[in-house]
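Me: I have a structure open and would like to learn how to read it step by step. Could you take me through its features, giving the general idea before each case?

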Amino acid sequence: MMLRRDKKDEEDGGGNPYQNLDRSVVLQEARVFNATPINPRKCCHILTKIMYIINQGESIGTTEATETFFAMTKLFQSNDVMLRRMVYLMIKEMANLAEDVIIVTSSLTKDMTGKEDLYRAAAIRSLCKITDSSMLQGIERYMKQAIVDKVSGVSSAALCSSLHLLKQSPEVVKRWVNEVQEAASNDNVMVQYHALGLLYHIRKQDRLAASKMVSKYTRGGLKSPYATCLLIRIAAKLIADEDAGHDSPLFDFIENCLRHKSEMVIYEAASAIVNMKNTTSRELNPAVSVLQLFLSSPKPTLRFAATKTLNKVAMTHPAAVTACNLDLENLITDVNRSIATLAITTLLKTGSESSVDRLMKQIGTFMSEISDEFKVVVVSAVRSLCSKFPRKHSVMMSFLSNMLRDEGGFEYKRAIVDSLIAIIEENPESKETGLSHLCEFIEDCEHTSLATRILHLIGREGPRSPNPAKYIRFIYNRVILENAAIRAAAVSSLAKFGAHCEELLPSIVVLLERSLLDSDDEVRDRATFYLSVLKHSQKALNSAYILNGLSVSIAGLERALHHYTLSPSETPFDMKTVPIETQPLTEQKPVSDIAPLMATKPEKLAPPTQDIYADQLRAIPEIADLGALFKSSVKPSELTESETEYMVRCIKHTFPEHIVFQFDCTNTLNDQQLENVTVQMESAEGFEVQHYIPAPVLKYNQPGITYTVVQMPEDTSDVSSAFSNTLKFTVKDCDPNTGEPDDDGYEDEYVLEDIEIALSDHMQRVLKPNFMASWEEVGDENETEETYGLASKSLEEAIKDIVSFLGMQPCERSDKVSEGKSSHTLYLAGVFRGGHDTLVRARLALQDTITMHITVRSSDSGVSELIASSVG
Amino acid sequence: MKMDSSSELASLYTVKAVAILDNDGERLLAKYYDDTFSTAKEQKAFEKNLFNKTHRANAEIIMLEGMTIVYRSNVDLLFYVVGSASENELILVSVLNCLYDSVSQILRKNVEKKALFDHLDSIILALDEIIDEGIILEADPIAVAQRVSLRGDDVPISEQTMSQVLQSAKDQLKWSLLK
């Protein structure tokens with residue numbers, strides 16, 4: 001094969017002349033650069049070879065690169081145009097590889113100011129690549145000239161280089177603003193584009209200046225479609241920042257661009273309108289119309305762009321897209337499968353319930369032809385369709401389970417499993433079918449993480465289904481056939497059946513006993529542990545150790561245990577000191593179907609914010625001995641209007657007996673430096689300020705933190721209070737350019753908005769997977785009941801109010817009310833400050849007004865009473 | 001995931017990468033302008049994936065690994081321009097077309113691997129004239145070819161074939177008219 005290939009290459013004289021180039025040999029060849037007279041063609045060829053090697057990703061050491069670079073400087077003696085251009089290019093390539101590249105500065109400066117136009121543009125770009133802030137001052141004069149040069153290439157080169165330089169030397173580049181402005185009125189389309197871009201990036205911090213600039217250019221004067229696209233983006237950003245309505249002149253400008261002669265601009269304008277917040281169908285319609293025209297374009301890219309954007313519209317305004325349904329149906333058979341997939345998923349969103357079956361059939365025919373990425377898109381479209389038409393769940397479920405059986409990578413399978421699980425959770429009617437599809441899937445599943453997830457789900461949902469016994473066979477098969485991780489998950493799952501279903505307990509015990517001799521430690525340990533718990537046959541134990549498990553943060557537990565082992569003590573380790581795992585706030589927001597395509601590599605899992613706070617706070621001596629951080633407020637509250645002199649946001653951290661208020665402060669005045677910044681707090685009796693921890697210095701635009709530590713009253717029933725706050729500081733005037741402050745300052749203060757402490761600040765949310773088991777576990781020892789009339793108008797509203805007031809976690813999806821019901825039961829779980837488990841059952845009935853009967857169980861009678869009495 | 005953040009949108013850094021591959025998926029020329037793929041290994045893996053997904057279907061556009069890629073092929077060459085998923089696809093296509101047309105001009109319409117290797121220096125220069133560290137520097141292929149002084153022009157007439165001379169005379173005439 002190899003031979004034949006060589007022969008073929010010889011025959012057509014082709015092949016790759018650069019193949020098998022050896023790095024060291026080529027770099028040796030660079031010695032030719034030193035020969036006189038210079039042979040331009042030969043040198044050019046060697047430079048090309050070096051560039052090819054670098055381009056293939058081979059690494060060149062610093063010494064080698066520096067040697068070659070120095071040899072190359074000799075080539076400035078030749079006046080061959082091609083050779084000089086290759087040298088410029090090589091300087092850029094080597095800028096980060098070789099040392100002392102700045103020695104070519106004077107040669108480049110000479111070329112940049114010389115007569116040869118072909119040299120000037122390229123010399124500027126090379127020079128700016130090797131220059132640093134300190135040297136930039138030296139060429140500043142030439143850069144200013146180059147920006148307004150009459151040769152468009154030179155001007156563009158200078159502008160682009162300035163944009164790169166803006167990152168490292170913003171102060172210098174900002175001084176060129178007049179020249180840039182002049183360049184923006186240049187006739188050349190590219191110069192216009194680069195100048196407008198640079199102008200915007202120089203001014204973007206100053207919103208007023210940016211907005212002035214935009215309104216100037218929106219009135220006309222831009223010839224370049226690229227510049228117009230850029231202006232549309234800037235205008236859209238300003239509209240979003242200013243929350244300007246659709247009557248703003250900027251919006252008019254964007255809408256007018258829908259009638260531009262360039263398709264690029266039309267599309268940019270249409271997608272800007274689609275991406276705006278709060279657009280109504282009246283504003284969307286013109287954009288949708290131009291996109292509709294693009295759907296039948298002969299250019300694949302145009303069809304693709306239009307379908308992708310319409311897909312986005314369909315997410316929020318399906319009705320606006322229905323007009324395009326006919327055109328979209330034509331695209332189902334598009335040769336570009338990406339376009340076909342986007343068309344189908346768009347149709348799935350805009351179509352009526354009756355068209356679902358037909359569309360699903362159509363998708364089925366081409367699923368095998370598309371790539372995994374697009375299969376994921378289809379899966380998520382099917383999933384959202386299921387929440388739209390719950391009655392269609394059986395069609396979709398069988399579609400998804402068919403896909404599960406097909407070939408496909410992990411991401412694809414995971415998307416299907418995710419969707420099935422989501423459907424099961426949203427729609428109780430689909431639970432039985434869904435679980436059996438998943439049971440079938442784990443019979444032949446090569447992905448450990450998916451199998452364990454499904455086993456966990458079966459363990460949670462299976463025991464509460466009408467016929468739990470039928471799942472046992474599927475789970476136990478895993479114990480026999482699978483790897484250790486899956487066996488362990490299966491054992492846990494079996495234990496849950498045993499804990500929940502008394503009639504199954506004897507059989508489960510027999511099955512678990514077989515795992516006592518498993519070859520894997522984890523499996524054995526789990527089996528042993530669960531068996532000994534199950535054999536006690538106590539509901540409270542079952543709930544605490546099998547059905548609901550620990551609710552502490554794992555990272556927090558690790559840290560607390562480590563801390564405990566560092567200082568040996570007689571007292572046993574107290575689980576209550578471990579921070580509780582924070583429940584993510586579940587927010588329903590439309591997620592784009594094409595999100596999986598847009599998503600770049602999975603982001604690194606950030607540690608929970610509370611852990612970050614805990615670390616930050618522990619580093620402060622006054623706070624370190626307050627005990628373990630119990631809770632941090634999720635969203636900071638703004639204590640100032642936006643756009644004021646100082647911006648202050650507050651985060652509340654609850655400790656066992658204290659509250660620490662963290663104030664993130666920003667000084668937005670560039671002629672002031674603040675020092676010794678604190679927030680003075682005053683409140684009703686009981687809450688006492690213990691410490692102020694000042695932010696030593698607050699420079700312009702550099703955020704700083706000050707803390708105020710408040711001790712809570714001993715009487716635990718006193719949980720709420722309001723604080724009035726004042727920012728106190730010493731002001732020192734300073735030079736806006738250098739930031740150098742004056743020596744003398746004066747005291748000043750600034751009034752902030754009030755902060756309230758409420759019941760929810762003392763409560764941490766906890767998710768109990770099996771609420772009733774926990775309810776029995778806590779028991780009725782400290783039970784309190786109350787009945788109230790609520791002012792809320794609907795059940796949904798009442799539930800939202802109660803949840804946010806108590807700051808507890810809704811369990812068993814009881815925060816969702818089925819439509820048309822007049823009564824509902826809400827289950828809430830949480831831990832009260834001090835580590836008291838707290839459960840709430842609220843029965844709500846709607847008759848003209850809402851009546852609520854609330855039952856609170858807790859490990860502390862005071863807490864139960866406090867919660868029951870504080871609602872209302 | 002961050003949805004189209006507008007601050008990123010108003011950036012001029014439009015192009016993430018450009019690649020010219022041969023019909024075996026081997027890299028002939030590739031430039032990466034941001035750190036999406038920071039190592040040579042990641043880059044090659046991406047190119048391989050891209051090639052596998054595109055060399056059979058001539059579909060012009062594909063979404064892959066969270067990016068939009070537009071492409072074009074001729075004989076034994078494939079040209080790719082890579083941008084972010086939220087980038088205006090038509091802008092990316094305009095860059096691709098400029099690259100292709102510039103190469104076509106330099107290779108005198110003979111867009112294939114062998115010719116590309118013969119003029120690799122000019123092609124590298126042309127690419128450098130089209131994109132400056134991710135910013136579109138020039139999108140007009142005529143302007144690009146003009147700025148890349150063709151090597152053919154430096155070769156003494158005697159070394160050129162008659163047709164080459166004619167072609168270069170024609171080209172020069174055309175440009176002077178288009179100026």
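Me: How many residue pairs are in polar contact between chain B and chain A?

Reply: A polar contact is a pair of N or O atoms within 3.5 Å, where within protein one must be able to donate a hydrogen and the other to accept it, and residues adjacent in sequence count only if both atoms are side-chain atoms. Between chain B and chain A there are 25 such residue pairs, both residues being at pLDDT 80 or more. On the side of chain B that touches chain A, helix 5 (residues 120–130) gives the most, with seven residues; helices (H or I, at least four residues) and strands (E, at least two) are DSSP runs, numbered from the N terminus.

Me: What should I know about the model and its numbering?

Reply: This is a predicted model, in which local features need pLDDT of at least 70 and side-chain atom pairs count only at pLDDT 80 or more, while totals for chains, interfaces and linings use all residues; side-chain values use heavy atoms, with hydrogens and water left out. Residues are numbered from 1 along each chain as its sequence is written, and chains are lettered from A and ligands numbered from 1 in the order in which they are written.

Me: How many salt bridges are there between chain B and chain A?

Reply: A salt bridge is a side-chain nitrogen of Lys or Arg within 4 Å of a carboxyl oxygen of Asp or Glu. The two chains share eight of them, and in one salt bridge the side chains of Arg85(A) and Glu129(B) meet at 2.5 Å, N to O.

Me: How much area do chain B and chain A bury between them?

Reply: Buried area is the accessible area (1.4 Å probe) that two parts lose on being put together, summed over both. Here it is about 5,900 Å², with 58% on carbon and sulfur atoms. Of the area that chain B buries against chain A, Leu12(B), Met63(B) and Leu90(B) supply 12%, more than any other three residues.
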